[in-house]
Amino acid sequence: MDNLILGILAVALITASLWWAARAYRRGLRVARDDHRRRPALWNRFYAHDWGATTTNNYGFAPAEGDDPQRFQHQMYLEMLAQLEARRPLSPGLKLLEVSCGRGGGLAAFLAKSREMIDATGLDVAASAVKFCRATYGQREGLRFIEGSALDLPFDAASFDVVLNVEASNDYGDRPRFLSEVARVLKPDGVFLYTDTCRAGRREELELDMELAGFAAEFKDITANVVEACRADTPRRRTVMRSEAPLLARLVLGRQLENYAAVEGSKKFAKFESGRRTYLMTAAVKA
């Protein structure tokens, strides 16, 4: 009997210890997430993990071309390409910078559709992401990958015809400084291809930030397209999380992972669906 009681107490103690450890782990991640100075280290760890064939990290756009598993994520980039072509015809040697290129899949889809006219640079703050991109896509004339900060772009003024930024600016912690850096490295007639989420009621603030940075921007609300992409892509995203996410993350952060991926039924998905969070896109020009 005494052994049974001791066994029960041991199980209870282990369970309680695991519960507190998981709680502390989640709390630590929240602190790191909310402290923008620690975001680069988080992204470096994120991209250092082997995510298999997954190379493109955005909520996606529907309807999407083709049957590639990541077609909704690629379509977001193709929509940006269409925005660019509506502003100016593509010409050989057009210099493009993607800020926060991640694992490079979106930029690769963008370049594949641009008829090899673009000289592209992908930049990311995570050394692990840059290492992956160099190994996967190579370093060659017309394509290179560089480690660097979105708030201190390591390029001379007026270096690029186009700057591309997909679903990353909310992570920087200082959007006005980022926009100022984009304006600095763009040529006088440059185009800024930008898309990201925006809390309800914050659109005017974003528009003012763009204007103060020297951009003329007309925003297109693509929330409905993003909602449909999240819904249609939910089965694949759940499969990726089950097969590729680290075991500890799956056990401790299951709901948080689903929210991060905006799968149907998550809080993030509900915010998009209800309009509490919108998704905006623009091809801004230097005014």
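## Close-up views of a predicted model

**View A. Arg115 lies in the loop that runs between α4 and β2 (118-124).** The structure shown here and in the other views is a predicted model. The backbone of Arg115 has a positive phi of about 60°, although Arg115 is not a glycine. Most residues other than glycine have a negative phi, and most peptide bonds are trans.

**View B. Ala62 and Pro63 are joined by a cis peptide bond.** The omega angle of this bond is about 5°. Pro63 belongs to the loop between α2 and α3.

**View C. Helix α3 (residues 71-87) packs against helix α4 (residues 105-113).** The two axes lie 8 Å apart, at an angle of about 45°. The angle therefore makes α3 oblique to α4. The crossing of α3 and α4 is right-handed. On the α3 side, the contact is formed by His74, Tyr77, Leu78, Met80, Leu81 and Leu84; on the α4 side, the partners are Gly105, Gly106, Leu107, Ala109, Phe110 and Lys113. By class, the residues in the contact of α3 with α4 are eight nonpolar, three polar and one charged.

**View D. Helix α3 also meets helix α8 (residues 223-244).** The axes of α3 and α8 come within 9 Å and cross at roughly 145°. Helix α3 contributes Phe72, Gln73 and Met76 to the contact, while α8 contributes Val226, Ala229, Ala232, Asp233, Arg236 and Arg237. The contact of α3 with α8 comprises five nonpolar residues, one polar residue and three charged residues.

**View E. Helix α2 (residues 39-48) crosses helix α5 (residues 127-137).** The crossing is at roughly 35°, and the axes of α2 and α5 come within 7 Å. Trp43, Asn44, Tyr47 and Ala48 represent α2 in this contact, and they meet Ala127, Ser128 and Ala129 of α5. The contact of α2 with α5 holds five nonpolar and two polar residues, with no charged residue.

View F. Helix α4 gives the most to the lining of the second largest pocket, with three residues. By class, the lining of this pocket divides into five nonpolar, two polar and three charged residues.

Note on methods. Residues are numbered from 1 along each chain as its sequence is written. This is a predicted model: local features need pLDDT of at least 70, side-chain atom pairs count only at pLDDT 80 or more; totals for chains, interfaces and linings use all residues. Side-chain values use heavy atoms; hydrogens and water are left out. Axes are lines fitted to C-alpha atoms, for helices over the stretch in contact, and angles run from 0 to 180 degrees between N-to-C directions. Helices (H or I, at least four residues) and strands (E, at least two) are DSSP runs, numbered from the N terminus. Angles under 35 degrees count as roughly parallel, over 145 as roughly antiparallel, 65 to 115 as roughly perpendicular and the rest as oblique. A crossing is left-handed if the near helix is turned anticlockwise from the far one by less than a right angle, and right-handed if clockwise. Contact means heavy atoms within 4.5 Å. Ala, Val, Leu, Ile, Met, Phe, Trp, Tyr, Cys and Pro count as nonpolar, Asp, Glu, Lys and Arg as charged, and the others, Gly among them, as polar.
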